[in-house]
Amino acid sequence: MECSSYIQKKIRDLREDHDLTQQQVADYLGTSQTMYARYERGANELPIRHLISLCRLYHVSADVILGLRR
């Protein structure tokens, strides 16, 4: 699986596993729901600052989100 496709699937799966909406995650990141949806679709790259925030939100390492460790 391509790296960006893996990241898209992983952030969507983590959000759904935590029963969060795109709007809730977007609010946590300080961005719009539309922009967050673009990250999940792969239309925009996930900024490093948001990667770090998602790691904190989901209590996982960046390796998990990036697919370096499963």
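Buried means under 20% relative accessible area, exposed means over 50%, and partly exposed lies in between (1.4 Å probe, protein chains only). These legends describe a predicted model, in which local features need pLDDT of at least 70, side-chain atom pairs count only at pLDDT 80 or more, and totals for chains, interfaces and linings use all residues. Residues are numbered from 1 along each chain as its sequence is written, and side-chain values use heavy atoms, with hydrogens and water left out.

**View 1. S53 in helix α4.** S53 sits in helix α4. Helices are DSSP runs (H or I, at least four residues), and strands are too (E, at least two), numbered from the N terminus. With a relative accessible area of 19%, S53 counts as buried. S53 touches Y28 and L29, leaving aside residues up to four places away in sequence. Contact here means heavy atoms within 4.5 Å.

**View 2. The crossing of α2 and α4.** Two packed helices are described by the angle between their axes and the distance between the axes. Helix α2 covers residues 22-29, and helix α4 covers residues 48-58. Their axes come within 10 Å and cross at roughly 115°. Axes are lines fitted to C-alpha atoms, for helices over the stretch in contact, and angles run from 0 to 180 degrees between N-to-C directions. The crossing of α2 and α4 is right-handed. A crossing is right-handed if the near helix is turned clockwise from the far one by less than a right angle, and left-handed if anticlockwise.

**View 3. Residues at the α2 and α4 contact.** From α2, the contact uses V25, Y28 and L29. From α4, it uses H50, S53, L54, R56, L57 and Y58. By class, the contact of α2 with α4 has six nonpolar, two polar and one charged residues. Nonpolar covers Ala, Val, Leu, Ile, Met, Phe, Trp, Tyr, Cys and Pro; charged covers Asp, Glu, Lys and Arg; the others, Gly among them, are polar.

**View 4. The buried side of α4.** The buried residues in α4 are H50, L51, S53, L54, C55 and Y58. They pack against α1 (3-17), α2, α3 (33-41) and α5 (62-66). An α-helix has 3.6 residues a turn, so residues three or four places apart point the same way.

View 5. H50 is found in helix α4. H50 is buried, at a relative accessible area of 4%. Not counting residues up to four places away in sequence, H50 touches L29, T31 and Y39. L57 also lies in helix α4.

View 6. Most residues other than glycine have a negative phi, and most peptide bonds are trans. D19 is not a glycine, yet its phi is positive, about 55°. D19 lies in the loop between α1 and α2. At 69% relative accessibility, D19 is exposed. H59 follows α4 and has a positive phi, near 55°. H59 belongs to the loop between α4 and α5. H59 is exposed, at 71% relative accessibility.

**View 7. The largest pocket.** Rolling a probe the size of a water molecule over the atoms shows where empty space is left. The largest pocket has a volume of about 220 Å³. A pocket is an open set of points on a 1 Å grid over the protein atoms alone, with protein on both sides within 12 Å along at least five of seven lines; a cavity is a set where a 1.4 Å probe fits but cannot get out, and lining residues have an atom within 4 Å of a point. Grid points are joined across faces, edges and corners, and a volume is the space filled by probe spheres set on the points. The lining residues are C3, S4, I7, Q8, Y39, G42, N44, E45, L46, L51 and L66. Helix α1 gives the largest share of the lining, four residues. By class, the lining has six nonpolar, four polar and one charged residues.

View 8. D13 is in helix α1. At 23% relative accessibility, D13 is partly exposed. The C-alpha atoms of D13 and E40 are separated by 9.8 Å. E2 is in the segment before α1. E2 is exposed, with a relative accessible area of 55%.
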